Structures are given as structure tokens and as C-alpha cells.
Amino acid sequence: MERVIGESKKSFMTGNEAAAWACLAAGADIMFGYPITPQNEIMHYWTRMAPKYGKGFLQTEDELSAGFTVCGGVQSGKKAFTATAGPGNVLMQEPFGMAEAMRLPLLAIIQQRGGPSSGTVVYSQQEVSLTTYGGNGEGHRIVYSTSTHQEIFDYIIKGFNTAWKFRFPVFILGDGYQAKMREPLEMYDPESRGIKMEEAYPLIGLGGKIGQDRGPSHLCNIYSLEEELYEVITKVQAEYDALAPQITEYDEKFCEDADIILVTHGVVSRAADDAVKALRAQGIKAGYFRPITLRPFPQQELRAAIAKSGAKKLLIAESAIGQLERLVKQEIYGETVKIETLFMPGVGIIESDLIDKVKSVL
Amino acid sequence: MAVQAIPKSWYLPSKPHKFCPGCGHGIVLKALGEVIDELEIQDQVIFGCDIGCSLLSWNFFACDSTQTHHGRTTPVMVGIKRSRPELVCVGYMGDGGGYSIGSQHLLNSAVRNEKVTLILVNNTNYGMTGGQMAPTTLPGQKTETSPYGRDPELTGYPTMGPEFIAQLTPDSAYVARATVSKYKQLKKYIKSALRNQMEGNGFSFVEVLSTCPTNWRTNAQQTWNFLEDEMEKYFPVGELKTPFGKGDK
Amino acid sequence: MIFTFEENSRIVEAYIGEYASGKSEMAINRALELSNQGRRVTLVDLDTVEPFYTLRPIKNQLEKLNLNVISSSREDSFGLGETGAMLIPRARWALRNEGDIILDIGYGVFGAQTLNLVEDIDQTPELKVIAVLNASRPMTNSLDRILEYVEGLGRVDAIVANTHMGDETTPEIISAGNEIIVEAARILQLPIIYVAIVEELKDSNVNNFGLPVKYIKRHMPAAMW
């Protein structure tokens, strides 16, 4: 694979640029996309770089088309990806459903904006439910929630590998703040870090002579009988459950003796990290737990953190009304720890918001 | 050359096919199969089928094939072609999938002159869902959702697909309307539509007028009469755009 | 008091650069510098790609510092959502303001061509187009890339060497990056009007390559972007 970064070096840029470079470094072949704020610069930078590296791009007529062209690209054996936000993410749930049904390892970068409807073009964490369980299926997908530009870069590279290794669609869940903020990160070619990129392979267009070398490949996503569908979905679910421990990622700090554990994800976890340190400095035993994968969710790990700390409370904080909270509740059903919440839909959450909230509930 | 009763590119385990008796799909797919054989492209073809009756063709061919969603066959074919230009992508859809729910994809892929071949079967109704009105339902035609006959005042006139696509595409596109009542012509048009893609010229589109006796509730004679006397009069058959010289009307 | 022609004449400068090059920071610092000299200054936000992500959040703060700021405000954007390529009329007529005009040109493939949107710009001989370069950015992190980038901008009259890494800027990063920019400027035959250094590093040992140095106060972090 061509080395696009060369010698690894620190760079200063926006999150969207980091995403475009990461796709390039990961060896992505083609992007299909439709403009929507706040993800536009992913397309801007991809289209600037793509011709220089022999990569493809198509600006489609809408997000439905962007999603389905990505499905086609992946079926043909190419590392295809897209990026979207808000109402675009809503439209793309249809093709993402096809990707779930056919186990198409596409990668989609979601830069959340405010909702419902057109909402704002700026920021929120309101696409958690949609991205984890959108569509008319069972959420057979992998969702990484990033919090820094470095993570956008790292998890896009990892995401292409997870997708092609396990054949589930992968989502990089960022937000408008991460998209537009400028901060340094270290870019690198995966090989230089000993990361082996998974090979893409076709599901159709397999080559050889049909009838002599092989039979035809007929890809299917619709079934005549309830029992047929039941069998397929149950099998996929079992496979997903079995793979989950290999995929699940989380971050945990100061949970050994915490009285209260802050549960946050994405960019809000940066504020939580600062808040927990500040609270500790003031003698308040706060802990930090952050699911990095929202699907599959690190439920064992969160249960373990609650158990070992003996925490009396969880504080779930998010820039949405209970989307993370609902995920957490379904995953840790049966725990008796009291759940406090800080919901700030569509606006940022900073350290002092969290500190004040913790003090008010302890 | 000996005439083969069954095209080599047909997938025999899926035969006999599942279309209703008297349905035109079998004729279209036979023509497509013979063309695939004659062009010797069985191993390069990617066959994509829409939802609706066209779905019954999903494993019709011994070619690599994929199901898609209703209306979304066009973008899936475009995605494959853009990713692997050496493949020959054939999207197969009905009038609902192409002209209604997927019309934005059809229109825009035509404008972009995407190098794919689309075959759209026009039988004037939504067959699989039980015979509802389609964009192509004729004025006055009775369907389950136009029980008193289609009233153009309320629901407009039938979509003239090839005519509007011809307006949207450059000269390198191929656009035609065929009918299952003229088999040789149908086959010729499909062949031109595939050659046009293979030669890298551009968008290739064939609408095929077809029969649906089940939902029309017609016997054999009435079925043929409706196709030849009603449909072919409303929807003119012929080549609207061909990069291969003079078309035959 | 005797006015020289130089002091008497109006200053019109357009700062152009990539996202995170520091062009907005350079424009703000320049505008405040002139304003502190008692000059009347108008700062114009010409980011036409993402107008609501740039100066808007710190507009009020800058106005308190005696600048006339032409930028989209929250009221301008109400109900507009996507915003797209939006140009506010006051920006189009910015040159009709009295005093100095400092233009902050957004990134994008059109480069200096964005200035065409400003009325009378072609009848403004005092205009200087200044490219802000940060060698920590991937599009401008090597000699070849800088040359390609600056040539793609269209008209450029001068360069500001502004290598930085946000909060993680070090003297070594500035010196190493600016070395490439200095070489690029030599090849492009463009003057580097100054080397920009964040004021926090004022007392550290940064190689200025014998060029003028300007110490910069960072205003943009308050804008979140």
C-alpha cells in the first residue's frame, strides 16, 4: 500500500481534515457523499487529495444515493465510505439497513448536528440513538464515539479494519465541534505503527468463469418466509454477540474508590476528564467512565466499575436528552446504583457544568 | 448458430421462474439472457434487481447479482460501476421503482451519464403489492388505488420515461422504448444498451412495455390487445437516442 | 503634527490561508494593532464557506476593543441553518467604510478570487494580499506543498510565517516549520512581512531568520473553533 503520510509527524488541523487524511492513510478507495454541514470539509479535502492518489469520488444526488453507492462500492470489493450528519444521517439509515442485512463493511463518518429536523448546523450528541439502532433492524453495527482529532484519525483506520475483518458496517461518531475545532494530532501510515490493514474483497464480480470455476454469487436481503429471516437474524445476532468482546472499547479512570461515576461519551468526555480531576483535587471522589464503542456497549466493564467502586451514583451527562442514558440503562439493567443526569441538548458541556452538577447531587 | 431454447446465462436451479403466467418479465429476461450469451459477458455482468415483481429475477441469471431496495437499484449499480469500471452493470426495475420512488436516482444518473445499463419494465401498475396505480397507469385505467379509473386531473398523466431521459442525456447515451410484442426489436435494443456501456459511451436505458394479466384481470387475447392497442399507442416504441447511427422507429 | 503620506493613507490588507493556518488570528491581531495606534479599523469576515464558524462567536468581544466588525451575527443567522456560501451585504461594501480595512478570507479552492466579492477591490491600489502559512498543516508541510498551495491561491503579495501547533506550540516547531516557509518564499520571490510568534513564547529562543517578528495574542480559542 502506498504510504501517504510518510514520516509520522504532528499536524495542526480541523477534525474534518483529520478524517479525510485518515481515510487516505487507511487505504480507502472511493468516497460517495452529499454536502451537509458540519461534515463538508471531509469531502473538500478528499476531493483535493483523491486524484493525486488515484482515489475515487462521486457527489451523489442525495444521501440515499450516497449510502447506496457506498453499498455498491463495498459489494464490488472496494473500501468505500461516506460522511454525513443530521437529516443526512436519517436518510442514510435506509442504505445502512441494507449494509446490516448484507453484512457490507462500509464506513460512515457522522458529524452530529442539532436536531430534530434541520436543527442546527453546529453541534449535538443527538444522533446516538439513530446511529446505534437506526433503521428497521437490530443495530448490527459498530459505533465508535471519538473525542479528539487523534481519535478521529486512529479510529477511522481501526474502523476500516473492524469493518472488513468482521463484516459489519462501522460508524465513526463525531460532532460539529470535533469537525471544526483545530488541534494537533500525529498522523501516520498504519504500517509504520505495525498496523496491518485488512484486505478488501469482492462479494460480487468475483472473477473466474461461472459454471466452471464457481457458481454465481447471488446477494440477498429479502426473504419470503418469516422463518428464513428469523434464522438469518438470529445467526447474525449470535455472531455479533460473540465478537462483541473483541470489539468493545472503553476508558475508565479513578473508579476504584469513586462515590460518583461520570458516564459521558465523545467530546463531552473531555470535560468529564477535567471535571473528575478538579473534583478529586477538592476531595470529592469522582470517577470517570467513557464508552468508546456505543455499539457494542462495554456493559460488563461498566458493571465492573460500579461494583468495584461501590459508587452510589452515576452521573450521565450528554448534549442530548437521554440518548446515552437509555443505552446505559438497557445495558446495566438490574444495577441499583442511582442515576443522575445532566442533559444539555444541542449545546456543549464544560467542566464547570459537570462540577456544579456533581456537587448538587452529592 | 443453433438456437438455444434456454440461454446459457440463465441460472437453471431457479427455473421454472416464478413470474405469473402471461407476465412479460420472462420475455425481457430471455432477451437479456440471449444478449449476455451473444456478447459473452456472463462473467462480467453484475445484475441488480429492484423491489417489486422485478425482484423475482434476483437469482434468474448465472451471473453475480444483488438485491437492493425499492428504487435504489440505480445508485447501487452506479456505486459498483464507479468502483469497478470493468464490470458490466445491469439494473433491472419496474415503473414504480424507476419513475416513482427512485426517480431522483434515475434522473441524476442520466444527467451524469453514468455508464450503466438500466432496463425498466413498464406494465402500468404496481404488480407485487397488489395492482396499485403506477406513474405509467394510463388515463382511465382502473387499478386498486384508482378504482374509478386514473383521472389525470387528480393524478397527472403517465410518465414518459425515455422521452424525459433523452432530454437529460448527451449524445453518447442510449435511450429506447421496446415492447415484449416485438421480440427481435426488444433484443436488439437491449444489446445496444449493453454495448453502449461496454464501449464506455454512457448511460443506457431501455423501457420495455410489458404485460400483467394477473393485475389487469385479462385473458390472453385481452392482454395482448391492451399491450398493442392501448399501451403501444400511448407509449411510442423506438430508439430515442443512439450513438450507433440511425435509429429505427 | 505632520502627517506623512504613509500615515495618512488607508491600509487595506486581506489575510488568506487554510483552516487553522492562523489567518483569522493574524487579521484580528493586525486590526487591534492598528486600532491601538488610534486608527479607525474595520475587520471583515469573508469566510464564505462556513461563515458562522469563524468570527461570529467573538464578534462582541472584538467590538468592545473598538473594532468595527463585519461578520455574521446570531441575528443574521436566525432560521438560516445551513448557511452555505453566504455573503452579508455589509461585507460586500466593506471598502466604503472609513479607515483601514482588514479582510479575513476563508479557506477554499478559490483562494484570493474570493476578493472579487468585495465591491471596488479592483480599484484599491493599497490592497495587500497576505498569505498566512503554517507548516504544521498537512497541505503546507513541505516545500513542494507550500509552492503548490501558494501558486493555487492566485494573487499573493506577501507571506506571514505562522508555523504553530495550537496549545502545543514550541520554539522548535516554529523554527523548523518556518525554515521551509522561508525557502518557499525565496523561490516564490515573495516577501515575508513577519514571523508570528505567540506572546507566551516571547522570551524563548525562536529562530526568526533575520525577519521582523510579531508577537501574537490568541483570540480565536474563545471562538471554540
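This is a predicted model: local features need pLDDT of at least 70, side-chain atom pairs count only at pLDDT 80 or more; totals for chains, interfaces and linings use all residues.
Which residues does Ile119(B) touch, not counting residues up to four places away in sequence?

The partners of Ile119(B) are Val28(B), Leu32(B), Val90(B), Tyr92(B), Ile190(B), Val206(B) and Val208(B), leaving aside residues up to four places away in sequence. Ile119(B) also belongs to the largest nonpolar core, which has 220 residues. Within that core, Ile119(B) is one of the residues that touch the most other members, together with Ala22(A), Leu106(A), Ile156(A), Ile261(A) and Leu262(A). Which element gives the core its largest share? That is helix 1 of chain A, with eight residues. Domain 1 (9-193) and domain 2 (250-361) of chain A each contribute at least three residues to this core.

Next, the two domains of chain A. The domain assignment puts domain 1 at 9-193 and domain 2 at 250-361. Their C-alpha centres are 26 Å apart. In the contact between them, domain 1 of chain A takes part with 22 residues and domain 2 of chain A with 20 residues. On the domain 1 side, at least two residues come from each of helix 5 (128-133), strand 6 (142-145), strand 7 (170-175) and helix 7 (176-180) of chain A.

Now the chains. Two pairs of chains are in contact, and chains A and B share the most contacts. Chains B and C have no contact, and their closest C-alpha atoms are 22 Å apart.

One place where chains A and B meet is a pairing of strands. Strand 9 of chain A, residues 218-219, runs parallel to strand 2 of chain B and is joined to it by two bridges. Leu219(A) has Thr66(B) as its bridge partner. Strand 2 of chain B also pairs with strand 1 of chain B, residues 45-49, again in the parallel sense, over four bridges. There, Gly48(B) stands opposite Thr66(B).

Which way do the residues of strand 2 of chain B point? Asp64(B) and Thr66(B) point one way, Ser65(B) and Gln67(B) the other way, and all are buried. In a regular strand, side chains alternate between the two faces of the sheet.

The other contact is between chains A and C. How many residues of chain A are in contact with chain C? There are 17, and they meet 17 residues of chain C. Strand 1 (9-14), helix 1 (15-25), helix 7 and strand 8 (182-187) of chain A each give at least two residues to the side that touches chain C. Strand 1 of chain A gives the most, five residues. This side of chain A is made up of eight nonpolar residues, four polar and five charged.

Last, chain C itself. Chain C has seven helices and eight strands. Of its 225 residues, 43% are buried. Among contacts in chain C with a separation of 6 or more, 72% are between residues 24 or more positions apart.

Key. Residues are numbered from 1 along each chain as its sequence is written. Chains are lettered from A and ligands numbered from 1 in the order in which they are written. Two residues are in contact if their C-beta atoms, placed from the backbone, lie within 7 Å. Domain bounds come from an automatic or database domain assignment. Ala, Val, Leu, Ile, Met, Phe, Trp, Tyr, Cys and Pro count as nonpolar, Asp, Glu, Lys and Arg as charged, and the others, Gly among them, as polar. A residue is buried if 20 or more other C-beta atoms lie within 10 Å of its own, exposed if 12 or fewer, and partly exposed in between; C-beta atoms are placed from the backbone. A nonpolar core is a set of buried Ala, Val, Leu, Ile, Met, Phe, Trp, Tyr and Cys residues joined through C-beta atoms within 7 Å. Two strands pair if DSSP finds at least two bridges between them.
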